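Keep the viewer open and try each task before reading its solution.

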Amino acid sequence: MDMYPSFIKEFSDIYSDFSSKKVVVRHLSTLKELREDAVYWIEGTIINVETNREFCYLACRACDKKVEEVDWKKRCLHCGEYTFSNIFRLEDRYNIEVEVADESDTARVILWNKASEKLLGEPAEDVIALYGDTARTMPAEITEKIVGKEGLFELVVSSEGLHVDGFNVSRLTIDEEIKEIYIMKYYPVTNPEEDSFLGTLDYVEIEDRTSNNNVQRGATNDAAAEVDSELTSTRKRQKIE
């Protein structure tokens, strides 16, 4: 299983993106209105898991598409090949539907295999081995592991508006080191209805919730540093604890 090397690389890539301020973080309410082919990050919490559907599927290793049973034989409809004679070409993969909330809205989000593995800490084949091959609907124990998870989600936006019915997750992170960087370098705007962009310290309007003093858009890092340090400590407690 090569999941761990791939996770290390993804962690490195995300860490680098946030450290260098390359990412754009927005609110869900804004993303729902967009019509463009792009990816944006949100900061959110998983508040619900759809349990009345399959949470994993048997996939073709060649193309990752779902393998169907045709005439009592397993067949990849994408590749057009029968795979029942070679079980090593099949693989259990996650497809978990959750509801994610941020401070502006909620949205249906699909966690595919890699994102789900990161949340659960184990591959789908191990879960199937534990609960049995017929346990394709979400076990309660798995739901409990997911609900309440906080993290940063990279969501896919479509120019055709396909994301309105639900976002696909490109990447996600629940790593504490990356959360720390996000807290230090990115702050939410005061009013998500006015502007949903979460920018860097240089360009975002920052609300000091302890004294109601604002550092206005375009402030320098030196000016922003004068904001009461309790803001940072408060956000750390809220986001990491």
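This is a predicted model: local features need pLDDT of at least 70, side-chain atom pairs count only at pLDDT 80 or more; totals for chains, interfaces and linings use all residues.

Residues are numbered from 1 along each chain as its sequence is written, and side-chain values use heavy atoms, with hydrogens and water left out.

**Exercise 1.** Find how the side chains of Lys-118 and Glu-10 meet, and which parts they tie together.

Step 1: They form a salt bridge at 2.4 Å, N to O (a side-chain nitrogen of Lys or Arg within 4 Å of a carboxyl oxygen of Asp or Glu).
Step 2: Lys-118 sits in helix α3 and Glu-10 in helix α1, so the pair links parts 108 residues apart in sequence (helices are DSSP runs of H or I, at least four residues; strands are runs of E, at least two).
Step 3: Lys-118 is buried at 15% relative accessibility, and Glu-10 is buried at 9% (buried means under 20% relative accessible area, exposed over 50%, partly exposed in between, with a 1.4 Å probe and protein chains only).

**Exercise 2.** Now examine the pair Arg-53 and Glu-97.

Step 1: Their side chains meet in a salt bridge of 3.3 Å, N to O.
Step 2: Arg-53 belongs to the loop between β2 and β3 and Glu-97 to strand β7, so parts 44 residues apart in sequence are tied together.
Step 3: Arg-53 is partly exposed at 22%, whereas Glu-97 is buried at 14%.

**Exercise 3.** How many salt bridges does a search of the whole structure find?

Step 1: The search finds 13.
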